[in-house]
Each structure stands twice: as structure tokens, then as C-alpha cells.
Amino acid sequence: MRRWRNPLVFAFGVTVALFIGWVAFPRVLYSQKQQPLDFLHKTHAEKSGLTDCAECHVIREDGIFAGLPATEKCAGCHSERIGESKAEAILVESYIKPAQETPWLVYSRQPANVWFSHAIHVKRASLSCAECHSSHGEQNSVRMYELNRISGYSRDLWGHSMSRLRNGPHEGMKMSDCEKCHRQRNVEVGCLGCHQ
Amino acid sequence: MKLSRRDLLVWSAGAAAGLLATPVPWKILDDTSIWSQNWPWIPQPARGPVETKQSVCTLCPKGCGLRVRMAAGWAVGVAGLNTHPLSRGALCPLAYAAHQLNWHPQRLRVVQHGTGSSSWEQARAAFAKASKEGPVVIIDGYPGRAASASFETYTEGRDGSYCVVPSPEIRALTPYESWTGVPADCFGYDLENTRTIVSFGTPLLDGWGTPGRFARIWAERAAGTSDPELRLIQIDSSMSRTAARAWRWMRIREGTEAALASGLARALLEQNLVPAHGLIPGTTLAESADQCDVSVEAILEMARNLIARSPTLVIARDNAPAIAALNILLGSVGARGGVVRHSQHSNLRSYAGSEVQNARAVLIDSSVPWNFVPQTDAEVFRFAAWDGGPTKADWLLPAPGFLEDLTDVPTPSASSVESYAVAAPLLKSATEVHSAAQFLSTIDARLIPTEKIIHNRCEDLFRRRVGTVHAHNAIPSSELASVQKLEEQLWQGGVWVGEPLPGKLPCRLKEWPSATPSSPADAWTTVWIPPVMPALSSKLYIESTLRDAPERRQA
């Protein structure tokens with residue numbers, strides 16, 4: 001037993017570190033934040049016929065991506081409550097009637113030094129939205145927003161997997177992910193392509 | 001089992017080894033590097049609707065077309081506007097970063113009086129008092145704007161004077177004013193239609209005139225899309241950037257450009273390469289060659305080059321009558337591809353000079369370069385957007401910065417056609433700023449608001465029914481339904497461009513100009529410093545090697 005004592009203590013140290021690093025650290029690093037209301041992408045697609053992402057997430061004629069739809073767009077149908085859900089009540093009473101924008105927490109928001117054109121990727125490269133945003137539009141609830149306490153950005157930029165070893169094409173939006181995708185498609189943009 | 005110190009050390013070693021196999025060190029390193037980009041004191045662009053607006057640059061009188069990318073009402077990027085007929089998508093290095101200049105640490109934010117801070121009310125009271133006590137001189141660096149009209153109105157009837165500080169391009173055109181009677185600012189160079197350009201030290205490919213105008217022509221020549229035989233002959237004392245890219249570079253002794261021009265004129269006349277003119281330069285070929293440190297044969301060869309491919313246009317760097325006279329010999333004044341008249345109306349008034357010495361107060365507009373210092377004991381009120389360092393101004397008044405003020409943009413100097421544009425205020429200043437015209441309008445109720453003057457000018461343009469408005473598309477003025485349509489196009493960043501004025505200009509050259517260049521404004525500057533830029537920016541501009549100043553080249 002005495003000759004195994006040091007390896008066992010060493011292994012115990014390794015185990016504790018692995019537990020802390022892989023289990024406890026992500027929980028400490030990311031704080032969870034609720035979206036202002038529970039938006040149902042799937043319900044909107046099924047009941048309202050909004051099957052194309054671009055119907056709400058518009059790319060304008062000048063090529064600029066309008067991002068999340070303004071409250072004004074939601075008010076087109078929800079100027080008054082048309083259902084019984086709590087989320088709709090919050091939308092109508094807290095945002096549409098006071099004419100305030102909904103403070104959505106954007107999962108894919110990039111740092112200010114990144115210039116990303118949706119128009120080029122969607123129109124010219126013909127990428128589907130799900131290539132980067134996964135099946136976001138098919139979910140019937142909004143995920144918890146996980147905020148990185150150090151960097152201040154969403155967990156979606158790094159990806160859900162802490163190891164980043166099994167990143168799917170839609171998991172992770174870091175520079176290396178952009179580079180990987182560009183390399184696969186033989187598209188060279190140089191530094192100024194994204195950092196103008 | 002008792003835990004020993006050794007156990008603790010072994011456990012720590014295991015934990016350290018294990019930690020390396022977790023994302024902890026790598027993720028913290030990555031996140032910390034991202035966090036360091038977002039320190040709270042680093043300004044971040046506001047989040048909001050992103051849009052691109054067209055406008056016109058007002059940093060200098062060249063009026064280049066701009067595409068301004070705006071996020072939530074803030075400018076976050078500036079680029080050239082390809083559809084702009086004068087700048088054709090080119091910008092100077094300063095304009096590319098102009099949206100950041102409004103946040104420059106040297107930005108003037110409060111009224112300064114002497115060494116302390118003051119208020120706009122006190123500045124107004126001091127200027128109004130000075131206006132009552134004696135003559136007021138207003139100095140403008142960018143004549144022809146709506147603000148310039150306000151300056152003139154203010155000085156009228158007050159025993160005051162309105163003066164301008166001309167740019168080197170305008171000063172280079174001054175000799176033609178005395179020979180033709182046409183004001184210097186009505187002239188321009190028809191670079192687009194000339195076949196040989198002889199530049200006497202003018203940095204044509206290095207920031208002269210409207211940025212990109214000649215650079216584009218030269219690039220198109222290289223690409224074969226325009227006259228591939230276009231010749232640029234650079235006469236310079238050193239290998240400037242323009243000289244390096246010219247068709248021919250003739251090296252001469254520094255400061256002998258006028259002597260070479262006289263020698264060339266003599267050679268042209270003696271060799272009967274041009275029609276006899278009656279007058280002949282006093283300098284002989286041998287004397288010119290000796291002064292310029294070149295051979296007589298080199299001058300003769302250059303003279304033959306001047307007439308090999310006409311029209312030939314001679315461009316001086318500054319006011320040099322001996323060089324300008326070459327254009328008369330070559331028949332290039334008032335001719336296609338030469339020195340042409342673009343406008344009937346002059347914006348030039350008297351140059352800033354002796355009036356300031358007898359003034360009670362001098363008001364300097366923010367368009368005047370910072371290094372212009374009036375030689376006077378009068379009370380000086382200086383408007384500026386940026387603090388350029390020590391100044392003799394008694395009052396330093398914060399002026400609107402880049403695209404923070406409504407202003408119009410008349411024809412740039414050296415342009416071959418008349419133009420007019422409006423730079424709408426796209427941005428808001430973070431502090432209280434006033435332009436000189438706004439300041440004066442609070443003192444003198446007679447002054448017409450800038451917006452009204454611009455409207456009146458648009459009405460005049462509309463009535464003329466000539467020219468074309470270049471906005472998203474080119475629209476002939478005659479097709480615009482109303483003056484409101486014209487104004488709408490201009491306010492959205494369009495530019496009205498007139499048509500070339502036909503006709504020869506009779507030149508009366510009574511005696512051949514002396515080979516000694518003279519420049520009344522040389523006392524304060526010989527290097528083009530972008531107006532409204534503080535000395536700091538100009539210094540950075542020059543030191544960044546984006547543009548060579550002559551003295552730097554010599555060094």
C-alpha cells in the first residue's frame with residue numbers, strides 16, 4: 001500500500017482538477033440569463049406560416065442585415081393579445097404598447113471589431129441559416145442565454161462543448177471557426193475581410 | 001492515515017497536471033484576451049440600426065464624395081463614393097478616419113479665453129463689444145460657402161473686412177487673373193483632356209488637388225483604359241513620389257523652377273516650336289541651364305517634348321508667373337486640355353494681409369489652417385474643432401467637427417467644371433459647439449441662416465437648368481421637376497456638376513515675367529496643410545510618409 005500511496009494521491013489530484021475543470025468551471029464561468037420572454041419559433045412557423053427566416057430577419061436591399069425584427073414588426077399581429085400565453089402578455093404589455101424594443105440577448109453577437117456580412121454568406125455563398133445558427137428556428141422555446149463572465153459574450157461564440165473537439169458546423173462562432181469554414185470552401189478573405 | 005507534507009505536494013502536482021488537461025487555463029487565457037478588447041474606457045459603437053449615408057467631405061475644400069456607415073446614428077466608418085464625379089471613390093488618408101476625429105483627444109470642447117475656460121455668452125459679449133469699438137476682420141479659409149456669405153454680410157457696414165486665405169492651387173492660378181482679368185478661383189486644369197502635363201514640383205500623384213483625380217487618370221493610363229500615351233513630366237529637385245512615377249523626371253537645382261521655365265520659353269521661341277509671341281524671356285538658354293544645373297541640350301529636348309503631344313498643360317506648385325506664362329506660349333489658356341474657366345462667379349475676396357493690423361478684432365473661421373497666425377495686436381477669436389497647440393488667439397471657440405454642421409461645398413480649386421454639393425449634419429456633437437456663422441447670427445439679426453442661403457443657391461441652380469446631379473444615378477438638371485427635388489438630391493449626398501465653359505481667353509502679357517517666383521502668402525506656409533486639421537494631425541499626416549513635404553524629401 002505504501003508504494004501505491006504517491007500514485008494514488010497524484011491520481012486523486014488529477015481527478016479533482018479534472019472535475020473542477022470540466023464540471024465546476026463551466027458553471028462558474030457562465031452565468032445564465034433569461035430572455036425577456038419565451039419566443040416560440042416553431043409555433044410561429046406552423047401557425048403563422050412564417051417558414052422563411054428572412055421574413056422576420058430581413059436582409060435589406062442595401063445588403064445590411066436588419067438583425068432581430070423590431071417591435072413594430074411584432075405589432076403587425078400582436079398589437080393586441082390574440083392568445084393566452086404569458087409570453088404574449090409580456091410582449092404586448094411591456095414592449096408593444098409602450099413602443100419599446102424587446103431587449104433580446106443575442107446568442108451570436110460578435111465583438112465590435114468583427115465585420116460580418118449576412119448578405120454575402122446567405123446570398124452569395126448560399127449558406128442556410130442553420131449552418132451557423134443550428135436548428136434555432138425549429139425550437140419551441142428560447143434557450144437560456146449563457147453569458148461568459150470574463151469576456152462578456154455569449155457562450156455560443158465558444159460553443160457548448162468546452163473541449164471544442166467535436167464542434168459541428170453550427171457550434172462555435174470564433175475566428176477559428178470562420179477560418180475553418182473558409183478553408184473548407186477555398187475562400188480567402190484576408191484580415192481586412194472581417195476586421196475592417 | 002495521516003496526511004503528510006509530501007502528500008500535499010504530490011496532490012498539488014497531480015492537480016496541476018490534471019488542470020492542464022482541462023479547459024481552465026486555455027479558456028481563461030482566451031477570455032481574458034477578449035476581455036482586454038472591451039475595457040470600459042474603450043469607446044464602443046452604439047448598437048442600433050445600421051445604414052449607409054452619402055455625404056461630402058468638409059475637411060478641406062476638395063469636397064470628396066463619402067459613404068458614411070452609421071450605427072444607431074453614429075458614424076462608424078467612412079469610404080469613398082465611387083459615383084462621385086470629382087473624387088471618383090478616392091479619399092485622402094485623413095478622410096478615411098474622419099469619423100474618429102470627432103473623438104480626438106485634442107477636440108475642443110469648451111470655450112477658452114486666455115489660459116482659462118469661459119462661456120459662449122462671454123465670448124459673444126466680447127465680440128459684440130469689439131465690433132462696436134472698431135473694424136472687424138473675418139478670415140475665411142474656404143470661400144464660397146453659405147457661411148462665407150454670412151461673413152461678408154457681417155463685415156458690410158461695419159467698417160470691417162472679409163479676407164480669405166487661398167490654397168496653393170488658387171495661388172498657382174493667380175498669374176492668369178492678372179493676364180486675363182478673370183478671377184483666379186474661376187480657373188481650373190482640364191486634366192482629363194490633356195495629353196502632356198508638365199509639373200513644376202507639383203505633387204500631382206501625391207495629394208495635389210482633389211484626392212484621386214489625377215491618380216485615377218494615371219492609373220487608367222497604366223491599365224490602358226484611357227490615353228496610354230498621356231505624358232507626365234515632373235520637374236523636381238529630388239525623387240519625389242510623383243517624380244518616381246512620372247513619364248520623365250527632370251532633376252534641377254532646388255528653387256530654380258522659374259529659371260527653367262524661362263529657359264524652356266526661350267528654347268520654344270528660338271527653335272520656332274511655337275508661334276512668335278513678341279515677348280521673349282530675358283534669360284538666355286545658357287544662363288537657365290547654368291542656374292538649373294542642367295545642360296542646354298536637356299532644355300532643348302524638354303522643349304521638344306512639350307510640343308510633341310499637345311495639348312500640353314503646365315502646372316506650377318504655387319504662384320509662379322514665369323511658369324504660368326509657358327501655358328500662354330503653348331496656347332493652353334482657355335483651350336481644351338489646358339487652363340480652363342469653370343465658373344462665371346468668383347468667391348475670392350482680398351487675401352488676408354494688412355487689414356488685420358488695423359483691426360479691433362479678428363475672427364478666424366475653423367476652415368483656416370491652424371498654422372495661419374495673423375500678425376496683429378487685435379483681439380483674436382479663433383474657431384476650431386481641434387486644438388492644434390499654442391496659439392495667439394485670445395478666444396478659442398469650439399467649432400463643429402466632421403459632419404456635425406450644415407455646410408455647402410462649392411467648386412474645389414483646380415477643378416475644370418463648376419460643382420455644388422451640400423454636406424448635411426449627419427452627426428451630433430457631444431458638447432455645445434457653434435460654427436462662426438452661427439455665432440455671428442446670434443449677434444447680427446441681418447444674417448440669413450445657412451439653410452436659407454443654401455436653398456437660395458439651389459433655386460439659382462435650378463433656374464439655370466444646366467449640368468447634371470450625380471446622386472445614386474446621374475440626373476440632368478433639366479429633368480428635375482422642382483427645386484425641392486434638386487435640394488433633396490443634394491441633401492442626400494448628391495453633387496451638381498456644371499458644364500465646361502467654352503471659349504478662348506484673351507491673355508495680355510505686357511512683359512515676360514521675372515524668373516524669380518513670388519508668392520504673397522509664402523510668409524505663412526509653403527506646404528499644403530489640410531484646413532481645419534490641427535497641427536497635430538498635419539504633423540502625423542506628413543510624418544506618416546503618406547505625403548512628402550519638400551523639406552522632408554531634402555532631408
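How many bridges join strand S9 (residues 196-200) of chain B to S12(B)? In this predicted model, in which local features need pLDDT of at least 70, side-chain atom pairs count only at pLDDT 80 or more, and totals for chains, interfaces and linings use all residues, the answer is 5 bridges, and the two strands run parallel. Residues are numbered from 1 along each chain as its sequence is written, while chains are lettered from A and ligands numbered from 1 in the order in which they are written.

Within this pairing, Phe200(B) stands opposite Ala316(B) in S12(B). Strands S9 and S12 of chain B belong to an open sheet of 4 strands with parallel pairing, arranged in the order S11-S10-S9-S12, where strands are DSSP runs of E of at least two residues, helices are runs of H or I of at least four residues, and both are numbered from the N terminus; two strands are taken to pair if DSSP finds at least two bridges between them. The edges of the sheet are formed by strand S11 (248-251) and strand S12 (312-316) of chain B, each of which pairs on one side only. Neighbouring strands of this sheet are turned by 15° against each other on average, direction ignored, the axes being lines fitted to C-alpha atoms (for helices over the stretch in contact) and angles running from 0 to 180 degrees between N-to-C directions.

A further open sheet of chain B has 3 strands in the order S1-S2-S3, with antiparallel pairing. Its edge strands are S1 (50-56) and S3 (74-80) of chain B, each pairing on one side only, and its twist averages 30° from one strand to the next. S1(B) and strand S2 (residues 65-71) of chain B pair in the antiparallel sense over 7 bridges, and Glu51(B) has Met70(B) in S2(B) as its bridge partner.

Chain B as a whole has 18 helices and 21 strands, and its C-alpha trace spans about 120 × 60 × 55 Å along its principal axes. Of its 555 residues, 51% count as buried, a residue being buried if 20 or more other C-beta atoms lie within 10 Å of its own, exposed if 12 or fewer do, and partly exposed in between, with C-beta atoms placed from the backbone. Among contacts in chain B between residues at least 6 apart in sequence, 68% join residues at least 24 apart; two residues are in contact if their C-beta atoms, placed from the backbone, lie within 7 Å.

The largest nonpolar core contains 145 residues, of which Leu264(B), Ile323(B) and Val362(B) touch the most other members; such a core is a set of buried Ala, Val, Leu, Ile, Met, Phe, Trp, Tyr and Cys residues joined through C-beta atoms within 7 Å. Helix H10 (residues 257-270) of chain B supplies the largest share of this core, 8 residues. A second, separate core of 7 residues includes Val9(A), Phe10(A), Val10(B) and Trp11(B). Residues up to four places away in sequence not being counted, Val362(B) touches Val137(B), Ile139(B), Val356(B), Pro374(B), Thr376(B), Ala378(B) and Val380(B).

Helix H7 (residues 168-180) of chain B bends by about 35° at Thr174(B), with a proline, Pro175(B), following within four residues; the bend is the angle between axes fitted to the seven residues ending at a residue and the seven starting there. H7(B) is mostly covered, 11 of its 13 residues being buried, and these buried residues pack against strand S8 (187-189), S12, helix H13 (321-329) and strand S13 (339-341) of chain B. Just after H7(B), Gly181(B) takes a positive phi of about 85°.

Strand S16 (residues 395-398) of chain B is covered on both faces, with Trp395(B) and Leu397(B) buried on one side and Leu396(B) and Pro398(B) buried on the other. S16(B) pairs in the antiparallel sense with strand S4 (residues 112-113) of chain B over 2 bridges, His113(B) standing opposite Trp395(B), and 4 bridges join S16(B) in parallel to strand S15 (residues 379-384) of chain B, where Arg382(B) has Leu396(B) as its bridge partner.

The contact between the chains takes 28 residues from chain A and 28 residues from chain B. On the side of chain A that touches chain B, helix H1 (residues 2-29) of chain A contributes the largest share, 15 residues.
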